[in-house]
Each structure stands twice: as structure tokens, then as C-alpha cells.
Protein chains: 2
Amino acid sequence: MLHDQTFLRTPGPTPIPQRVTHAMNQPMIGHRSKSFAQLFKDTSTRLKPIFGTDQPVYVLTSSGTGALETAVDNVTSKGDKVIVVVAGAFGDRFASICEKHELSTVRLDVPWGESVNQDLLTATLREHQDATAVLVTYNETSTGVLQPIDEIAELVQTHTNALTVVDGVSCIGGVPAYMDRWDIDILVTGSQKAMMLPAGLAFVGVSKRAWERIQANGSSSFYFDLQQYDKQYENGMTPYTPAVSLIQGLQEVCAMLEEETLPEVYKRHEVMKNMTRAGIRALGLPLLTSDEDASPTVTSVKGAEDLDVDAFRNHVRDRFGLSLAGGQKQLKGQIFRIGHMGYCSPVDIITTLSMIEMGLVECGINIELGAGVKAAQEVLINDVPSTSK
Amino acid sequence: MLHDQTFLRTPGPTPIPQRVTHAMNQPMIGHRSKSFAQLFKDTSTRLKPIFGTDQPVYVLTSSGTGALETAVDNVTSKGDKVIVVVAGAFGDRFASICEKHELSTVRLDVPWGESVNQDLLTATLREHQDATAVLVTYNETSTGVLQPIDEIAELVQTHTNALTVVDGVSCIGGVPAYMDRWDIDILVTGSQKAMMLPAGLAFVGVSKRAWERIQANGSSSFYFDLQQYDKQYENGMTPYTPAVSLIQGLQEVCAMLEEETLPEVYKRHEVMKNMTRAGIRALGLPLLTSDEDASPTVTSVKGAEDLDVDAFRNHVRDRFGLSLAGGQKQLKGQIFRIGHMGYCSPVDIITTLSMIEMGLVECGINIELGAGVKAAQEVLINDVPSTSK
């Protein structure tokens, strides 16, 4: 094969568009310069529709985990009761962050591969009406479940005075988010997923209601103190040196999302989800999640009975340069995951399925070559009618 | 002028070499892949000589400030007594981090523009022998003073059992550092200074002695918990998603430093310091620091009597694209600062001085055009004899 060709189909990091690479190649500028302030004000403003908010979206130089800790640290104080919906490895991490901060952490454990049962959630909210925050993972990367975050936020509002704090790391920029309309108080994402950038930036949307809490609470951290970020926000600056080249790239990402328009971006992710699921189904491999719970950005596939999924992943990596993700924690060795977010098109899904088909055959699994590709093609042709005559 | 030509002569960020930009343009790779583990092990090993240590140097995705907080958070516990040498804005920030972490913080304030008086330091160490850590800024970016960190570490060892924790953000990679030989326990730097990268990474060297303290203490942070970084270190991984593209660039930075050799890199910075100082002196402008205290990476210049330094900086920026830094906090409006570190050569110093000369004349200051350039040329010719016949 063309030995350096690679297909990065993990649920983050994701491929970087050439336009974004070019933007990151601009000459370095000082982070206290007018040029930077212009850049930063521009990108900060253009992040708002992606978060569905009129409130500021703060930019941190850290991974998504750093931003999740920022959220927890700024809206809670030691001993506060919080409810964490744990539906996979990243819900589990969210709970670990709360425990690290010595919060009274109520875990609502959900079977991995499912979204939260709303009756159970309601019961938990009623039992713990004194909770100060409810933490939920919008898109659970480890399972490929998109939680109905609007309905969850509504239940939280109905039954408690808690803030709704949402980990949107592996979906924001690829799925709808309306912080203001849905009453989400904190929404966090990272740069290396649907936002089409290398890792290194994280974005934190904060509601007015959350700000009241933050001002009352303070932060235990120097670096992650949101009040410091807010102080510099109007000046187009950050309190500490930001990852300037990534912010240069972010400007181009915003342009790309605006050109395609957000509704079309979200539709593309839906189509890629439907194509991936139809293709995998046509090959006879079981999907981990139901259609209703399925994520538009990542699909988890259970192996066929005779398939060593990790050996299969190594095979397609070595043979075709295709990177797929494995299972995490209790799903290790049980599933493989296909990322389809950010700089990824329906045609890329067809390419990916074709390599998966060949890899399966070469790993001794009896599937029909081309069947997954065909099913995906049919979805594409039906879901996205051609506009040319 | 060529309107998009720029000369970034701030003490961070600094220009990015084309080779490093190319390295950062490589296709994105997964941070849990074999390729990444190879890259990370390679760069981690190659950082060691830059820090002068056989111990691990950890890579964080954050600014330098995040890494300074990491140092404080991991080696101290609430209520511990620490001594902070405050010789400028970054010493002040170090003290603020300690105060945020509710340490009993003893500030040893040093006049801005000077290094610490060793008799005073000795007296302070004797008075506070129960201090658990002494925090010092190796190169105070706000003043352009390089502290004699080897001598300071020796005094700390002689008079206390405290750890020596060093902020090397604006010099490591441009000046000698021998953590092991000098008994430095924690040494921190950022990526955007002498390390020739965009901001977004920070590096933390940790001594064996510091590890004992860290294991006993634990960390109050989830994201900045060094024990988590250490757990993944041998696997060539980081606990949370790292800024992969910057690490790809770091590999090329290591290659560049190795090709030039560290002794030659340090010599180049010395020569640039001497050229800058000779040039400024020849123009009759006063320098903030003595020759003995002067930093090889940044030079602070007091304005001439009639010079509005900030108007001058704006003028050279608009006229020539030359970025100089201003004074911070109590030095605001008093000085301008010339950065000469990282991807900067003696010839760049001549260019910079020539623009400073023209800018001064255009701002109405009576200096002799070419005098600074000539003095710098003489230093270069004397200090670095030509090797061609």
C-alpha cells in the first residue's frame, strides 16, 4: 500500500483540514498584541452559535479533562452534593473529578451502551433535591451514546435547583447545542473532536445562573479560575499564555462551519451515523447501541463471535493505515469504535467501511465484501438527494 | 514597507522555525497509538539533557503558569511554609499561586531589575528553616535578570531541608540547566520561549527527592496530578489528551538543538545578549540590569528622558512590524524589553537594533543612526571569530 497513507477514524483526535493547518502556519503573534485581541474576540464571538448561547464561551489551554475539572472546581465547593450520570468511561471520569474535589458524589450508573432511564433520573433528582449540580456526558465517547441532553436539563430544572453541567467534548460542533434554550449552565468541549483542531484547547460556555454560583464559590485553582478568564475576556485576552497557533486554526474552523452552515454540519453527522450503522448491520455485526441512543459522532460495534477485535484493529491499521478505537475499561476487547466527526464526509464512511470489510475477511470472518459499502451508499443517495439535474 | 513582514522580538512567544512548522503539519495521530508512544518516548528522552537531568521530564498541555501551579500543588500541602523569591512580575505570580493554595508564604522581595542578595537570602533561609520549599524564578522575564540558580540552590541545601522549585519558563533551552548537578528539585518551562514552539505545552523536571514529597503529599488537582503523569510515562503516554501537534513540533526542536549542540545554543544566547547590550549602550539608552545580572534571553531598556516607551513600541510595530514588549506592573511605561531567545540569531539582533535606531530618531530622540548596529557588529566579530580562511 501507499505506506504513509492514514485514515484517522478514532473518536478524537480527528483529521485536521488543510485550511486549518495553513491557518496554524501563520507567523506567531504576541498574546498581548492588538492582533491577538482581534483574533480572540473574533473567535470567541463565533463560538457562541456553536454552543447556542449569547453568554461568553471561555477558551482554556488544556485538554477537555482540564476544562471538566474547571467546571467542577468553579461551580462547587468541598462537601457539596452533586449527581453524576455515569454511562461510560467519561461519566466515570467526571465522577472521579468530583471525588477528587471532595464532593458528596451521587453516581447514577447507567448500563454502558444505553442512555439514562428518565424515570430513574427523576427518582434520583427527587431523592437528592439538595444537589447543587447535575453532571452529564452529552455524548459518551466510550459507548457511542448521545444522551437527550435537552430532556435531562428539563428534568433537572423541574425537580431541583441544581446547575446542569454538561461534558460535550466528543460532540459539540457536530450535533445541535442550545445552551440558552435548553437551560444548560456549563457546556464544555475540547478542540480535537468535532472542532477539527489538534488537541490543546478547551471551550467552556457558562450561563448567567452559573456565574452567580461561580462568584459565590471562587475556585481552588489558580490556572482554572474562571473569574480570571472573565476579567480578561472583554479585552480579547486570556489571563495566562494561550495556545496561539491553535486559536489561529480555530478561526478557520469557525469559517468552515459557517460556510457549511451549522444545520448542514449537523445533518452531515446524522447521515454519517446512518451510513455507518446501515453498513455495519449489512455485514451482520451487532451494534452496541439502539438507533434511538446512537451518537452522530461515534459508532460502537460488537465483534462477531469469532473476532478478536483488538487483533482486527491492529490488522486494519497495519494493512490500510486505518485507525479505529478499541473498547475502554469494561468494554476493553469487546467492541471497536468508528469515529465519524469533524473533518469527515459521507464518502469517507464508504472508504472506512470498505477497509473494515476487507479487514474482516482477512481476519477470517465470513462477510460479503461490498455489502456494507452498498448499504451505506443507499443511505447516502436516499438521505441526501442530488441537487444537480 | 512590506506590510505583512513581522519581527517578533518579545520575550515569548518567539518565532517558530519553518522546520518546526513542517513537523507540526504532519497528519494527526491518535494519542493512544504506537506511533504516538514512540514520539512521546523519544521527545521525553531528548528533553533530559536540556534540563540536565536523568530523571523524567513530564509534558503537560497547559501554559507555563499551569505547570508552576502543578509544581506548587504537588510538592506542598495547605499550611506548609514556603519561601518565594520575588524579583519581578513572575516571582509575584509564583507567590500568588502559593497564596491561592493557602500556603504560609514568606516573600523575599528583591528590587525589580536585580538578582537576589545572597546574604539576605541566607538570613531568610536561616530564619525559616522549617520551609518545605523555596521557589525561585531562574530568568525573571519582566526585568531581564538571570538569577544565579546554582548558587541559590546550594544555599537552600546548606541551610534548610526545603525543595528548590525553579520557574525556568523564559530561559530553559537558551541557558545552561543542570538539575541533577545543581540539586534542583523541580524545574519548569513552557514551549513558547527558548523552546521555539507555539504556546500550549509545559515541561516539568522532577528530582528523586521531590518524588518522595509528591508521593507523600498527593495533589489537590485531577488534571495536574503528577502521579497520574508518572503512571503513564513509561508507556509513552499522558493521562489526558495531549497537544499532539505541538509534541510533533517538539521532536524537531530537539533535533535542531542537538544539531547546533547545547553549548553552542547557550553561547549564541550569550552573544545575542552582549550584542544587544552593547548596541543599546552605544545609543546612550540606560539598561535596567547590571552586566552581571543580565539575562541571555531578554534585555530591558529604560527609555531616554524624553521618550514615551509605549508610544515608541507602537511606532516600531506600525512602521516596521517589530514587536517589542513593554514593562509589566510597577515597570509599566518605564521600560521596553527586547526578546532574544529561541529562533533568533546574532544577525536578527542587528536587524532589531537598526529598527530601534530608526524608531528612536522618528520619535524625536537624538541618537546617532548606525551606532548601535556598529557596536553589535563589533561584539559579533570579536566574540565569534570566523572559521573560514
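A residue is called buried when its relative accessible area is under 20%, exposed when that area is over 50%, and partly exposed in between, using a 1.4 Å probe and protein chains only. Before we look around it, a word on the model. This is a predicted model, in which local features need pLDDT of at least 70 and side-chain atom pairs count only at pLDDT 80 or more, while totals for chains, interfaces and linings use all residues. Residues are numbered from 1 along each chain as its sequence is written, chains are lettered from A in the order in which they are written, and side-chain values use heavy atoms, leaving out hydrogens and water.

Back to B:Ala194: you will find this residue in the loop that links strand S9 (186-190) and strand S10 (201-206) of chain B. Strands here are DSSP runs (E, at least two residues), and helices are runs of H or I with at least four, both numbered from the N terminus. Contact means heavy atoms within 4.5 Å. Not counting residues up to four places away in sequence, B:Ala194 touches B:Cys171, B:Ile172, B:Gly173, B:Gly174, B:Met341 and B:Gly342. B:Tyr343 is 149 residues away from B:Ala194 along the chain, yet their C-alpha atoms are separated by 7.4 Å.

The largest has 118 residues, and A:Tyr138, A:Phe203, B:Tyr138 and B:Phe203 touch the most other members. A second, separate core of 70 residues includes A:Phe222 and A:Tyr233.

Now step back to see both chains. A rotation of 180° with 0.0 Å of shift along its axis places chain A on chain B with an RMSD of 0.0 Å, by least squares on the C-alpha atoms of residues with pLDDT of at least 70 in both. The two copies are thus related as by a two-fold rotation axis. Within chain A, A:Ser62 comes closest to this axis, its C-alpha lying at 2.5 Å. The copies meet through the same surface, because 100% of the interface residues of chain A are also interface residues in chain B.

Finally, look for an open sheet of three strands in chain A, with the order S11-S14-S13 and antiparallel pairing.

Notes: Two strands pair if DSSP finds at least two bridges between them. A nonpolar core is a set of buried Ala, Val, Leu, Ile, Met, Phe, Trp, Tyr and Cys residues joined through side-chain atoms within 4.5 Å.
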